[in-house]
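Please read them with the structure open.

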Amino acid sequence: MTAPTDSRPAGRSTASPRGLVVVGCSRRKLPGTEQVPALDLYQGWCFPELRERIANHPEFRARTLVLSARHGLIGADDPIAPYHQVLTPDRALSQRDVVSAALADHLERHPAQEALLLLEPLYFQMLGLPPVPVWHLVSDPMAHWPQAARVLDGWGWAA
């Protein structure tokens, strides 16, 4: 099943000062065993581009979540140590309710009208449909970073 790339109603602006980013974890991580903020741990996927844009903006980091194969949904500043965990279809399905509850909890504290999902299909399956009116799915942000950047630009999330 192919997920839609955008649920925005026709004619609706993408500008949203209260956006939410959910990004899937990456296999490449900082070496070592020390805990670091999740946004800083991951070195692959689109993390360098995202980090460049939001690293010095605590208000954006607070609205950025990482979907980890091991830890589920975690905040950009949540400290975690390097690990190795492959996301399997069974794991994605078994974690879906926990991830959904964590997302609902986050949205209570940080309401959002729009979400940017930087997720491969299996991570999107793990997350499910986000309970926000407008969402954008970029399933290959490495190849389609300009699409993700346009959404962030529309929110005013400039570097």
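1. Helix H2 (residues 47–54) lies across strand E1 (19–24) and strand E3, and runs at about 150° to E1. Helices (H or I, at least four residues) and strands (E, at least two) are DSSP runs numbered from the N terminus. Angles run from 0 to 180 degrees between N-to-C directions, with axes as lines fitted to C-alpha atoms, for helices over the stretch in contact. Contact means heavy atoms within 4.5 Å.

2. This is a predicted model, in which local features need pLDDT of at least 70 and side-chain atom pairs count only at pLDDT 80 or more, while totals for chains, interfaces and linings use all residues. Residues are numbered from 1 along each chain as its sequence is written, and side-chain values use heavy atoms, with hydrogens and water left out.

3. The protein has 6 helices and 7 strands, in the sequence pattern β-β-α-α-α-β-β-β-α-β-α-β-α. Of its 159 residues, 45% count as buried, where buried means under 20% relative accessible area, exposed over 50%, and partly exposed in between (1.4 Å probe, protein chains only). Among contacts between residues at least 6 apart in sequence, 66% join residues at least 24 apart.

4. Five strands form an open sheet with mixed pairing, in the order E4-E3-E1-E6-E7. E4 and strand E7 (134–138) stand at the edges; each has a single partner strand, so one side of each lacks a neighbour in the sheet. Neighbouring strands are turned by 20° against each other on average, direction ignored. Two strands pair if DSSP finds at least two bridges between them.

5. On the E4 side, strand E3 (residues 64–68) and E4 run antiparallel and are joined by 4 bridges. Val 66 stands opposite Ile 74 of E4.

6. Gly 19 has Glu 114 in E6 as its bridge partner, and Leu 116 has His 136 in E7.

7. E6 is largely enclosed by the rest of the structure, because 5 of its 5 residues are buried. Glu 114, Leu 116 and Leu 118 point one way from E6, and Ala 115 and Leu 117 point the other way. In a regular strand the side chains alternate between the two faces of the sheet.

8. Helix H6 (residues 145–155) lies across E1, strand E6 (114–118) and E7, at about 155° to E6. Its buried residues are Trp 145, Ala 148, Ala 149, Val 151, Leu 152 and Trp 155. They cover an arc of only 160° around the axis, which puts them on the same side of H6; the arc is that of the directions from the helix axis to the C-beta atoms. These buried residues pack against E1, H2, E6 and E7. Gly 156 follows H6 and has a positive phi, near 85°.

9. The disulfide count is 0, a disulfide being a pair of cysteine sulfur atoms within 2.5 Å. Cys 25 is buried at a relative accessible area of 10%, and Cys 46 is buried at 0%.

10. Asp 78 sits in the loop between strand E4 (72–75) and strand E5 (79–80). Asp 78 counts as partly exposed because its relative accessibility is 36%. Leaving out residues up to four places away in sequence, Asp 78 touches Val 36, Pro 37 and Ala 38. Asp 78 and Ala 38 are 40 residues apart in sequence, with 5.7 Å from C-alpha to C-alpha.
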